[in-house]
Amino acid sequence: MGKAKNDLLQGTLVLMALRTLARGPMHGYGITVHIQSASQNLLRVEEGSLYPALHRMEQEGWIRAEWGASENNRRARYYQLTPTGHKQLVEEEKNWERLTYAVARVLQFT
Amino acid sequence: MSLLLKLRGMLQRRRLETDIDEELRTHIEMRAADNKAAGMPAKEANYAARRSFGNVTLAKEDTRAMDIIGWLDTAMRDVRYAFRLLRKTPGFTAGSVLTLALGVIGTTVLLTAYNAIALRTLSVRDNKSLTVLKRELRAGGSSTEFTEEEYRNFSEHSQTLDAAIAETGYDTLLAQLPNVGQLQFAEPRPVIVKLVSENYFSVLGVKAVAGQMLPDEKHNGAEAVGILSYSSWQRRFRGDLSVLGQSVFLYGTPITIIGIAPRDFIGTGLPPVPPDMWIPLSMETRVEPSHDWVNHPDEARLRVLGRLKPETSARQAAIELTAMAQRFEGSRGMQDVTSAIDADPTAYFLEKRDPHFLAISAMLLLSFGMVLSIACANLANFFLARATARRKEMAVRRALGASRGRLVRQLLTEGVLIGLAAGAITLIISPLLCDFIWNQIQSRIVFRFSDLYIFVLRFSPNAWVIGWTMAVSIGAGMLFSLMGALHGSKDPNRALRGQAPNWPLKGSRLRVSARDLLIAAQVVFSVVLLVNAGLVGRGMARGQKVYPGFDTRQVMDIEFADIEGAGIDKAHTAEFRAELTRQLSGLPGVRGVAFADHVPLLGAGATTVTALGKTEEHAFDSQVSPGFFSVFGIKIVRGRDFTTGDEGRGTSAVIITESTARHLWPGEDALGKTVAVGETKSPVQVIGVVEDTRTVVLGRVEPVYLYFPTAANAPINDVFVRTVGEATASTGLVLNAISAINNRLTALASVHVMDDAIWFQRLPSTIGTLFAACVGGLGIFLAGVGIYGTIVYSVVQRTREIGIRIALGAGGASILRLVLLRMMRLVGVATCVGLGLAGALSHALTILPFGIGSLLLFGVSPWDPLVFVTVAAFLAVTALSAAYRPARRATEVDPMVALRCE
């Protein structure tokens with residue numbers, strides 16, 4: 001696990017969290033696990049910075065939190081996308097595509 | 001309130017922290033469980049989970065910071081959004097800010113004034129240990145005046161007092177002021193002087209702003225020095241420092257000004273009027289030869305203040321001083337007049353525990369509290385109407401994902417902003433208003449009698465007043481915006497469908513909704529306020545009409561401040577009086593001249609009288625010269641007036657009033673009867689009976705009033721002149737004649753028309769009328785606007801429902817009747833409740849102690865039908881006209897339009 005791999009940009013964390021939540025309500029640990037498995041263990045969310053980001057998103061009104069029971073009956077805080085959050089996700093995805101496209105062009109430029 | 005908020009904040013933070021704690025813990029536990037499921041041993045699994053999470057504390061803090069930043073962000077956004085919305089509806093914004101400000105301003109002005117008048121303390125060192133001595137008299141009543149010997153006794157022998165200081169009352173003396181810079185004083189002019197003990201300033205710990213204070217030892221008359229007050233220095237010498245070292249000539253005695261007192265030092269209070277100068281007591285015989293207390297040790301004329309020793313209570317001092325005073329009286333073989341000596345706290349203006357003052361303050365607070373309640377009810381309606389109008393917008397925003405809490409918070413922000421604006425306006429205006437009112441009082445009342453007495457009062461709201469105003473304004477803004485917000489964000493689905501909120505409307509059954517309650521509350525408050533303002537106003541108007549029973553328009557009163565200052569001593573008094581009478585009588589338009597020791601309605605003497613074989617009675621008296629009764633137009637019913645012959649004989653003849661005759665000798669002829677008068681029980685014979693007049697207070701005729709002839713050489717203070725026409729027309733002529741006799745007298749004479757005395761007596765009722773008009777006007781305005789607005793709005797709300805009814809075939813007239821009937825029933829019930837409460841309150845007013853109620857009502861019944869009917873009619877008309885127009889309009893609107901209108 002190199003350091004570079006863990007240094008997720010703040011923006012990408014938000015994007016991935018929103019994308020994960022678009023599948024349905026999920027708790028913080030679930031989001032970590034999903035990102036890790038969906039990226040086939042290439043990406044690891046730094047757990048300590050996930051929660052500040054989630055709370056920030058909640059304050060922005062993109063996600064809503066509610067206490068609920070987890071799969072094995074543990075009390076967990078479930079996050080859910082709000083309509084504003086949906087719009088934000090679309091926006092961020094567009095931005096990300098533009099960014100990767102632009103970066104790819106730069107890298108391919110010889 | 002603040003404690004509650006703090007507590008809630010603490011609990012909330014605790015909740016927030018444990019929430020984050022739990023969230024992070026769950027995360028780690030879930031990871032550990034997964035690790036175990038992957039085959040790690042339990043201990044290893046936990047450890048790995050914690051390691052992979054990293055620094056838990058740091059994460060916790062970061063998370064919480066996000067919550068706080070987010071909260072602040074939203075708050076800022078709310079404020080910006082609220083500003084934008086408020087700007088878009090300037091009518092609503094201005095209306096609610098003004099309504100709230102109008103409501104709060106009464107209580108704020110009151111608190112600001114209370115603060116300046118009752119809570120302000122003397123600007124002296126350690127004012128808590130400074131007490132003012134008061135003598136409780138065995139005969140009843142109390143006095144703050146002590147003799148020179150008593151003062152020395154307290155000052156030298158008390159074990160509980162560190163030191164005692166003494167001051168005289170205000171004395172007006174004719175002074176030749178020094179020329180300073182450009183200022184030239186050609187003529188002598190009257191100044192106010194206070195004589196104080198030598199240690200006065202050093203005990204008070206007051207330092208001079210320029211020069212020095214009185215040296216702390218006796219002068220033995222060797223050097224005559226004085227301290228100038230700050231206001232006098234500014235007013236008379238325009239703040240020129242070169243006045244220091246110059247001399248003021250009092251009675252030809254030069255007094256060197258050695259220092260100027262600080263601005264805040266106004267003397268030792270009650271009232272806060274600084275004299276022009278403070279001069280050592282030892283100078284008294286030199287500046288006021290007539291007041292030789294050195295030869296009259298029994299004359300009690302010193303106010304004594306004591307500084308308590310550390311660790312000594314005022315009670316302990318009072319006990320010791322009482323014993324000292326009684327021992328002193330015993331040792332001098334004096335009558336024991338003192339039942340106790342109190343050591344009271346000093347005050348700047350008045351004693352705040354004075355029950356009259358407390359009762360009046362409480363009444364004012366109650367009145368303005370009611371004005372505030374009405375303003376609050378108006379505000380609640382404004383917010384409710386606004387929230388209803390915005391239901392659709394709120395519903396859309398909720399549908400887009402905004403939570404109800406979020407919307408409520410946004411409206412709450414608007415409430416806070418409106419409260420802040422109202423509070424700020426109030427805090428700016430109320431000190432100005434206090435100053436304005438005070439200046440009016442000063443210029444119209446104080447200066448009407450003398451422009452020498454300058455009160456020093458400063459009105460500035462302190463922390464408590466600011467706290468009260470802001471708390472009330474913001475609290476009201478928040479409370480009512482919350483009410484509106486909760487109502488407006490209700491039933492978003494119905495709102496989206498364009499339906500009114502589920503608002504009960506049944507023609508037959510009276511179901512009480514929040515709006516109905518509001519209308520009712522508004523009506524009740526308004527009725528109570530208006531009825532009481534009306535009753536007081538009517539009582540006061542009655543007080544204005546009382547006539548004293550003697551002529552006031554054609555009588556002039558010339559008051560001499562200090563005859564001896566003009567060089568007329570006791571031996572020449574009789575001569576001077578004769579000369580004055582001759583000169584004034586000769587003037588065209590003057591019909592008579594008389595002298596008396598008291599001005600009717602501005603003062604009277606007190607004595608006792610015993611008729612043969614009867615008990616001793618309290619009596620008011622005054623000494624009058626021959627011609628007094630004809631000058632005032634008081635008829636002599638029996639017997640004769642005094643003659644010049646009576647003057648010389650002292651007080652062996654008396655003229656009594658008709659009431660006195662009836663009181664002392666019912667059914668008999670009083671003429672020629674003999675009574676014993678005063679402590680000496682000297683016998684006097686009744687030589688005449690005159691008409692009753694209201695001489696002491698306008699409110700009543702005294703049962704016993706005696707007129708004695710003036711002693712030939714008694715110092716005269718007041719000369720009364722009867723003129724042919726209005727007295728005001730002849731003042732110039734009279735003053736010229738006086739200056740012809742002695743040109744120094746004009747500066748000492750002040751001329752009033754006797755109407756001024758009436759005016760002075762009517763002052764309380766004049767002020768009361770103004771106050772009732774003020775509160776009543778404010779109340780009528782707020783109540784009228786509020787009730788009208790609320791009813792109009794609640795009827796407009798039903799336009800749609802009325803449309804449905806008409807579409808279903810209901811007649812316009814029957815709907816109009818339904819709407820009006822329902823409104824009148826509501827307003828009617830509320831008015832009856834209000835009238836009952838108002839009656840109970842005004843009834844309570846009449847049984848209030850100290851006769852304040854009867855002073856206010858002047859005999860108007862607390863159930864005065866005129867006031868009650870008028871107020872009820874006002875409300876009925878307001879409510880009817882408010883309900884009629886929109887209801888009428890609603891019935892005329894095409895039902896289709898009405899149905900589509902929401």
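Me: Which residues in α3(A) meet which residues in α4(A)?

Reply: A:Gly28, A:Ile31 and A:Thr32 sit on the α3(A) side, and they meet A:Glu47, A:Leu50, A:Tyr51 and A:Leu54 of α4(A). "Contact" here is a pair whose C-beta atoms, placed from the backbone, lie within 7 Å. Bear in mind that this is a predicted model, where local features need pLDDT of at least 70 and side-chain atom pairs count only at pLDDT 80 or more, while totals for chains, interfaces and linings use all residues. Residues are numbered from 1 along each chain as its sequence is written, and chains are lettered from A and ligands numbered from 1 in the order in which they are written.

Me: What makes α3(A) and α4(A) parallel, antiparallel, perpendicular or oblique to each other?

Reply: Their axes (lines fitted to C-alpha atoms over the stretch in contact, with angles from 0 to 180 degrees between N-to-C directions) cross at roughly 120 degrees and come within 10 Å. Under 35 degrees is roughly parallel, over 145 roughly antiparallel, 65 to 115 roughly perpendicular, and the rest oblique. The pair therefore lands in the oblique class. The crossing is right-handed, the word for a near helix turned clockwise from the far one by less than a right angle, with anticlockwise giving left-handed.

Me: And by class, what is in the contact of α3(A) with α4(A)?

Reply: Four nonpolar, two polar and one charged. Ala, Val, Leu, Ile, Met, Phe, Trp, Tyr, Cys and Pro count as nonpolar, Asp, Glu, Lys and Arg as charged, and the others, Gly among them, as polar.

Me: At what angle do α4 and α10 of chain B pack?

Reply: α4 (residues 90–119) and α10 (residues 355–389) of chain B pack at about 165 degrees, with axes 9 Å apart.

Me: Which residues of α5 in chain B are buried?

Reply: In α5(B), residues 148–157, they are B:Glu148, B:Glu150, B:Tyr151 and B:Phe154. The test is a count of other C-beta atoms, placed from the backbone, within 10 Å of the residue's own: 20 or more is buried, 12 or fewer exposed, in between partly exposed.

Me: How do you know that the buried residues of α5(B) line one face?

Reply: Seen down the axis, they fall within an arc of 165 degrees, so they line one face of the helix. The arc is taken over the directions from the helix axis to the C-beta atoms. Turned away from that side are the exposed B:Glu156 and B:His157. The buried residues pack against β3 (161–167), β11 (303–308) and α9 (314–331) of chain B.

Me: How many residues of chain A are in contact with chain B?

Reply: 17, facing 23 residues of chain B. α4(A) gives the most to that side of chain A, with seven residues. By class, the side has five nonpolar, six polar and six charged residues.

Me: What makes up chain A?

Reply: Five helices and three strands. These are DSSP runs numbered from the N terminus (H or I, at least four residues, for helices; E, at least two, for strands).

Notes
Contact = placed C-beta atoms within 7 Å.
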